[in-house]
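Please look at the sequence and the structure below, and then read the notes that follow, which are grouped by topic.

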Amino acid sequence: MDGPAIAPRDAALSIRGLRKAFGGQPVYSGFDLDVRRGDILAIFGPNGCGKSTLINMAAGLLPVDGGTILYDGRDVRDVRVGYVFQNYREALFPWLRAADNIRYPLRRMGLPKREIEARLDRLKAEFRVRFDLARYPYELSGGQQQLVSVMRALAVEPEVLFLDEPFSALDFETTLDLRALLQDVLKRLGVTTLLVSHDLEESIALADRLLMLTRRPTTVADDLAVRLAWPRGSATLSEPDFVALKRRCLAVFEAAVAGRPVAA
Amino acid sequence: MKGLVAPVLGAVGFIGLWWLATVAQLADPVLLPSPAETFRDTVAAFRSGPLGHDLLRTILRTVQAFLIATAIGVPLGIALGAKERVYRSVEFVVDFFRSTPASALFPLFLILFGVGEGTKIAVAAFGAALVILFNAAYGVMNARRTRVLAARVMGAGEARILWDVLLWEALPQILVGMRAGISLALVIVVVAEMFIGSTDGLGQRVIVAQSLFESGLMYGVIFLAGALGYVLNLTFLLAEKRFVHWSGR
Ligand SMILES: Nc1ncnc2c1ncn2[C@@H]1O[C@H](COP(=O)(O)OP(=O)(O)OP(=O)(O)O)[C@@H](O)[C@H]1O
Ligand SMILES: [Mg+2]
C-alpha cells in the first residue's frame, strides 16, 4: 500500500471503526478511511461489496451500525454534501424544469433569489451548458440529464461530493465528454469527491487516489495514489505510467477476487 | 381531428343498426323506439319537461359527492401512504369496503342519514372516497425511492419531502383515483335516485319513464347518463395529460 498518510487537519472526511450488516450478514466490520481535502477518491470493487452502502452512510442516507463518520469533527447533518445518483432518471424531479431542479437545493438552503440565479449562471458557464435548462428533465438526453444532476449536486458548493457510478448508464462518447467536463470543474473548484466506479480505467483517470475493495466482509485490497498530471485526456490512457498503474490494479483485483494474498 | 373519425363512424354505425332494427320491426316499438322518436321525445322533455332539471340535479349530486370524497380521500390517502405500516393495518378494511357494492350499503346509510338528499350524496361520497384514498396511498407508497433520497441529501426534512416529492410522485395516481372516483359517484347517485325516495335526477327519470311506457324518453335518459359519465371521464383524462405531464417519467 502506498496510500498517503493524511494528517487529521487535512482530512475532509474521517471514518473510524465503521460497522454495517444487513440481516446479520456483515458488510463492514471495523472499516477506517481518511479522505484528504480536495482529493478525488475513486472506490472500485466487485458487485455487492458495499460501495454504495459506504457512500450512502457517509452521505447520511443510511444509518451506521457502529463507528463514526466525521467531517472535520462534524456530523454529516452539519455538512453540505452533494450526491449524484447512478440513475438520473429517478433522481431528478420530472415535475420541475431542469433549471428548477438545480435551484431546488439552493431554495432549501434559503438563499436569496439573486444569489440563486447567480449560482445558476455560474454553473452554466462552468459546465459550458448549451442546451435549454427551461426544459423538463425527460426532454433531455441521458448525458444532459446527468449533467443537470451534477450541477444540482454542485450548486450547494458541497464540502464533499458523492458520485455513485454516475456514468454507467451513459454511452461511451457521452461518458468521455462528461468525464472531461467533471474533472475540469472538480479540480478547478477543489471539491473533495468520492467516486464509485465500475470502470477501472475511469477510476484511475479521474482519481487522485484509488481505493480497491474486496468482497464481503469488505476490506481494503489496495489503496494507491494516482500521481498523473492534470488535465487527463484520452492521451493519458496510453501513457506508460497509466498503463503500469492499471496493470497493477488488475493484478490486485484478480488476487482480491480470487481471495489470494497480494504479491508485493 | 383525425382521431375523431373512427369514434364518429362507430357511433353513426350504431345508430344506423338501431334504425335498421326498428325499420325491420325486429322488436315491439314500445320496447325499441326508433332513434328519431327517442331524439324527439328527449328534446321535448328538455324543452318543456323536467329533464334539464334532472340532469342538473344528478351532476350537482355527483360533483358534491366527488368533492367530499376528494377532500377526505386525498389527504387521508397521502397521510396513510406516507406511513406505510399504518396503511397496512387499515388496508383490509379499505379493501373490504371498496369491494362491497355501494348499493348494499343503502339501508345502512338510510338509517344513518334518513330519507333525503344527504343519504344519496353520503353513499356516493363514501364509495368514491375509498377509491380515491386507495389510489392516493399507493401513489405515495410507490414513490421513487431515489427521489426521496435525493431530496433528503439536499436538506429536505420529512414534511418537506412529503410536500415536495411524495405529493408530486403520487399526483398521477391521485388523478387516476379521482377519475375512477367520479365515475363511481355517478353510478351510485343514479342508482340512489332510483331507489332512495327521489323526485328528480336522471335515475328517477329513467324509472318514471319506464313505468309510464315512455320508452323514447327512457332511452334518451339512458344515453344522457352515459354521455355524462363519458364526459366526466374524458375531462379527467385530459386533465391528467395536461397537468401531470411527468406521469411515468
Ligand atoms: N437494504 C438492504 N437490505 C439488505 N441487503 C442490502 C441492502 N442494501 C445493500 N444490501 C447488501 O449489501 C451488499 C452491499 O450492497 P451495495 O449496494 O453497497 O453494493 P455495491 O458495491 O454498491 O454493488 P454494485 O456494484 O452492484 O452497485 C450487497 O450484498 C447487498 O445485497
Ligand atoms: Mg452500488
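A polar contact is a pair of N or O atoms within 3.5 Å; within protein, one of them must be able to donate a hydrogen and the other to accept it, and residues adjacent in sequence count only if both atoms are side-chain atoms. This is a predicted model, in which local features need pLDDT of at least 70 and side-chain atom pairs count only at pLDDT 80 or more, whereas totals for chains, interfaces and linings use all residues. Residues are numbered from 1 along each chain as its sequence is written, chains are lettered from A and ligands numbered from 1 in the order in which they are written, and side-chain values use heavy atoms, with hydrogens and water left out.

**Ligand 1 and its surroundings**

- An oxygen atom of ligand 1 is 2.8 Å from a polar backbone atom of A:Gly48, and an oxygen atom of the ligand also lies 2.9 Å from a backbone N or O atom of A:Gly50.
- In the case of A:Thr53 it is the side chain that takes part, with an N or O atom 2.4 Å from an oxygen atom of ligand 1.
- Taken alone, ligand 1 exposes 630 Å², and the protein buries 59% of that (accessible areas come from the Shrake-Rupley method with a 1.4 Å probe, and for residues only the protein chains shown count as cover).
- There are 13 residues around ligand 1, of which A:Asn47, A:Lys51, A:Ser52, A:Thr53 and A:Arg216 come nearest (a residue is near a molecule or strand if one of its heavy atoms lies within 4 Å of it).
- Helix α1 of chain A, residues 51–58, gives the largest share of this shell, three residues (helices are DSSP runs of H or I with at least four residues, strands are runs of E with at least two, and both are numbered from the N terminus).
- By class, the shell holds four nonpolar, six polar and three charged residues (Ala, Val, Leu, Ile, Met, Phe, Trp, Tyr, Cys and Pro count as nonpolar, Asp, Glu, Lys and Arg as charged, and the others, Gly among them, as polar).

**The interface of chain B and chain A**

- The contact takes 18 residues from chain B and 18 residues from chain A, where contact means heavy atoms within 4.5 Å.
- The two chains bury about 1900 Å² between them, 69% of it on carbon and sulfur atoms (buried area is the accessible area, found with a 1.4 Å probe, that two parts lose on being put together, summed over both).
- In chain B, the residues that lose the most area to chain A are B:Arg147, B:Val153 and B:Met154, together 35% of what that side buries.
- The rule finds two salt bridges across this interface (a side-chain nitrogen of Lys or Arg within 4 Å of a carboxyl oxygen of Asp or Glu), and the side chains of A:Glu90 and B:Arg144 meet in a salt bridge at 3.5 Å, N to O.

**Backbone details in chain A**

- The peptide bond from A:Arg216 to A:Pro217 is cis, with omega near -10 degrees, and A:Pro217 is found in the loop between β8 (209–213) and β9 (220–225) of chain A.

**Chain B as a whole**

- Chain B has 10 helices and zero strands.
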